[in-house]
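Please look over the sequence and the model, then read the points below, which are grouped by topic.

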Amino acid sequence: MQSIEARKRAETFYRLHAGPGALTLVNAWDAVSARVVERAGARAIGTTSAGMAWSLGHADGEQMPAGELIAACARICRVASVPVSVDIERGFGRSTEEVCAVVRALIDMGVVGVNIEDGVLPGTQRLAPPEILCERIDALRKTAAQMEAQLFINARTDTYFDANDDAAARYEDTVRRAQRYAAAGADGIFVPGMDRAEEVARFVRAVSLPVNVYAGYAGALPVDAATRAGARRVSLGCGPLQAALALLRRVAAEAFDEGRHDAMSAGMLSAREVNGLFS
């Protein structure tokens, strides 16, 4: 059974998708990044699966073992005081039963939301048929009900990453998938790659779910523009970690090549400030 505290956080997380304004997620990849983001004003913590995998020494794309994902999420939940939602990619399981087992473990530690995607079929370049994700969404909805838990299921479709030169057909496929995922029990729809304001606005009008857009790269739709287009959630994904890694590379190059540490010392947090994140 979901704890009283987790249920309150779940209710808060649902409300954050109802406005005012879009829920902005500066995605975290470990406990300290979650605390930094929360201290900066995050109303909720969303994890980045790519960032979490990289920080644990794995490539993105469900290459890290499910146990490592669960352990990393447990550390985030231990220090977070706001709702936590976890990106589980296609579910970290070969079967729907294995996916449900992963999500049961996450609910037990206090997670109140998951991202789950259709993605590409393993070993192919083909987008998975929507039936697979529909089955998993339905099973996760039943799993949450059995656990007497509220769980926000954000269904991600990778239609905009599919090699399709027909923009109209791609958009229509995205709408059809969103409608099917809503019927299966999803609470939100995430369409990374849809980054034109007019198309986001059109999509918002076509679907019944809160729309999540991705803003983790240069040139992506700004948060305020996405909000004006009707998006209810904006995720920075692995972008913050990529920016942090770029800074680390600059710090290292400066130290090795110039014998300086200006890039490191400019704006760095003190040890006292970082320790204070966990007090």
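## Briefing on the predicted model

V32 lies in helix α2, which covers residues 31-39. The model is predicted.

- V32 has a relative accessibility of 32%, so V32 counts as partly exposed, a class that lies between under 20% for buried and over 50% for exposed.

**A pair of helices**

- Helix α6 is made of residues 130-146, and helix α7 is made of residues 167-184.
- Their axes come within 8 Å and cross at roughly 25 degrees.
- Angles under 35 degrees count as roughly parallel, and α6 and α7 are therefore roughly parallel to each other.
- The crossing of α6 and α7 is right-handed.

**Backbone features**

- Most peptide bonds are trans, and most residues other than glycine have a negative phi.
- The peptide bond between G19 and P20 is cis, with omega about 0 degrees.
- P20 sits in the loop that runs between α1 (4-16) and β1 (23-25).
- E89 is not a glycine, yet its phi is positive, at about 50 degrees.
- The loop between β3 (84-87) and α5 (96-108) holds E89.
- F92, also a residue other than glycine, has a positive phi near 55 degrees.
- F92 is found in the loop between β3 and α5.

- E89 has a relative accessible area of 5%, so E89 is buried.
- F92 has a relative accessibility of 9% and therefore counts as buried.

**A contact across the sequence**

- N27 is placed in the loop between β1 and α2.
- With a relative accessible area of 5%, N27 is buried.
- N27 and G216 are 189 residues apart in sequence.
- In space, the C-alpha atoms of N27 and G216 are 9.5 Å apart.

Technical notes
Residues numbered from 1 in each chain as written. Predicted model: local features only at pLDDT ≥ 70, side-chain atom pairs only at ≥ 80, totals over all residues. Heavy atoms only, no water. Helix = DSSP H or I, 4+ residues; strand = E, 2+ residues; numbered from the N terminus. Buried < 20%, exposed > 50% of the residue type's maximum accessible area, 1.4 Å probe, protein only. Axes fitted to C-alpha atoms, helices over the stretch in contact; angles between N-to-C directions. Parallel < 35°, antiparallel > 145°, perpendicular 65-115°, else oblique. Left-handed = near helix turned anticlockwise from the far one by under 90°.
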